[in-house]
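Biologist: Before we discuss any labels, could you take me through the criteria behind them, one at a time?

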There are 2 protein chains.
Amino acid sequence: MRILLVGASGTIGRLVYDTLRERGHDVVTVGRSSGDVRCDVTDPVQVEELWSKVGEIDAVVSTAGHVRYAPLAELTSDDFAAAFADKALAQINLVRTGLEHLAPKGSFTLISGIPSRDPVVSGAAAAAVNGAIEAFARAAAIEIAPRRINVISPSVLEESLEAFGDFFPGFEPVAGAEVARAFVKSVEGAATGQILALP
Amino acid sequence: MRILLVGASGTIGRLVYDTLRERGHDVVTVGRSSGDVRCDVTDPVQVEELWSKVGEIDAVVSTAGHVRYAPLAELTSDDFAAAFADKALAQINLVRTGLEHLAPKGSFTLISGIPSRDPVVSGAAAAAVNGAIEAFARAAAIEIAPRRINVISPSVLEESLEAFGDFFPGFEPVAGAEVARAFVKSVEGAATGQILALP
């Protein structure tokens with residue numbers, strides 16, 4: 001398949017890139033400052049223009065999005081707005097604008113994260129944004145068939161324990177390779193409207 | 001209790017107002033253009049300033065928030081951003097800024113809606129925003145204890161079938177009085193981090 005990968009320079013993105021390539025896919029990477037195609041997906045105008053640069057795509061895979069972790073009393077209105085714009089709206093806009101450029105049975109696979117289903121202290125913005133992404137995908141799935149959409153929702157990554165482990169005490173971490181495997185399941189499988197929770 | 005009610009002029013807000021008053025509560029209404037206290041809760045600055053006008057509050061109840069219903073292909077980036085700002089961020093900011101003004105065992109009760117758990121065509125923005133509110137509340141609950149937070153998630157209202165019924169074919173509607181009862185359960189009960197789904 002010809003797969004558009006947004007966020008290829010991130011921890012998960014790199015693993016997803018390698019895994020999709022190993023499985024024989026043609027992966028077109030999209031990034032703000034690196035990648036085959038340059039696009040800041042948090043800019044709705046740039047997302048609209050992205051598709052004319054990439055041609056027809058069989059699958060869109062997104063591993064991008066930043067959210068601030070901080071105690072609720074320290075999170076600002078701007079933190080929540082920025083988190084929504086950076087992680088939720090950017091991915092929603094990929095789906096909205098990509099629909100007509102996606103192969104008839106193509107798929108979108110987005111990323112969320114565990115705090116929406118299993119909350120942690122300092123994770124209120126992450127929870128809100130991930131909850132938005134997951135509910136959006138369930139709703140979008142019933143409108144875009146036969147095209148598909150799923151969300152990968154990982155726990156803290158084994159590879160990110162040094163930076164994020166303290167936010168997830170006692171949480172079972174997940175290996176990045178397992179997260180990459182879930183992306184393959186979404187892209188090559190037939191499920192839609194699903195939240196693939198890991199581990 | 002002394003209860004701050006945001007959205008008292010809406011269909012649900014009016015019923016919640018009457019119900020809380022009948023149960024003997026002192027209800028302070030907040031609205032953009034009507035109510036005891038004027039405040040546009042979608043303006044983060046006005047929300048910050050709200051609390052100095054109302055004094056100590058035992059419970060904050062929100063029934064406010066507008067989201068556009070339209071097919072996914074017709075919803076714009078601005079529609080999603082506006083829906084998030086109007087319904088999710090406004091309620092999140094009520095919680096964030098109200099925390100230090102709420103009685104030690106006080107509560108917040110927010111409103112979401114059924115599309116986040118049971119999606120409908122044209123409800124992708126509603127689903128995303130309601131999903132954000134619900135996940136936020138689950139996360140906030142573990143940080144604000146002993147103060148509490150819950151979300152009321154109603155199906156389409158019997159009172160709103162004329163305007164919204166076509167979006168919810170075969171969905172069991174819920175009487176506004178039952179929704180108001182759920183707000184009482186949240187305010188007077190002891191639950192926290194819960195999504196009260198109706199019917």
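Modeller: Let us start with contact, which means heavy atoms within 4.5 Å. By that criterion, and not counting residues up to four places away in sequence, B:I149 touches B:V95, B:F108, B:L110, B:F136, B:A137, B:A140, B:A141, B:I144, B:T192, B:G193 and B:Q194. This is a predicted model, in which local features need pLDDT of at least 70 and side-chain atom pairs count only at pLDDT 80 or more, whereas totals for chains, interfaces and linings use all residues. Residues are numbered from 1 along each chain as its sequence is written, chains are lettered from A and ligands numbered from 1 in the order in which they are written, and side-chain values use heavy atoms, with hydrogens and water left out.

Biologist: Which residues of the largest nonpolar core touch the most other members?

Modeller: A nonpolar core is a set of buried Ala, Val, Leu, Ile, Met, Phe, Trp, Tyr and Cys residues joined through side-chain atoms within 4.5 Å, where buried means under 20% relative accessible area, exposed over 50% and partly exposed in between, with a 1.4 Å probe and protein chains only. The largest such core has 107 residues, and A:F136, A:I149, B:F136 and B:I149 are those that touch the most other members.

Biologist: Why is A:T11 called partly exposed?

Modeller: The relative accessibility of A:T11 is 32%, and therefore A:T11 counts as partly exposed. A:T11 lies in helix 1 of chain A, a helix being a DSSP run (H or I, at least four residues), numbered from the N terminus. Leaving aside neighbours within four places in sequence, A:T11 is in contact with A:L157, A:E159 and A:S160; A:L157 is 146 residues away in sequence, yet 9.0 Å away in space, C-alpha to C-alpha.

Biologist: What makes helix 1 and helix 6 of chain A oblique to each other?

Modeller: Helix 1 (residues 11–22) and helix 6 (residues 176–188) of chain A pack at about 55°, with axes 9 Å apart; axes are lines fitted to C-alpha atoms over the stretch in contact, and angles run from 0 to 180 degrees between N-to-C directions. Angles under 35 degrees count as roughly parallel, over 145 as roughly antiparallel, 65 to 115 as roughly perpendicular and the rest as oblique, so the two helices of chain A are oblique to each other.

Biologist: Which residues of these two helices meet?

Modeller: In chain A, helix 1 brings A:I12, A:L15, A:V16, A:T19 and A:L20 against A:G176, A:A177, A:V179, A:A180, A:F183 and A:V184 of helix 6.
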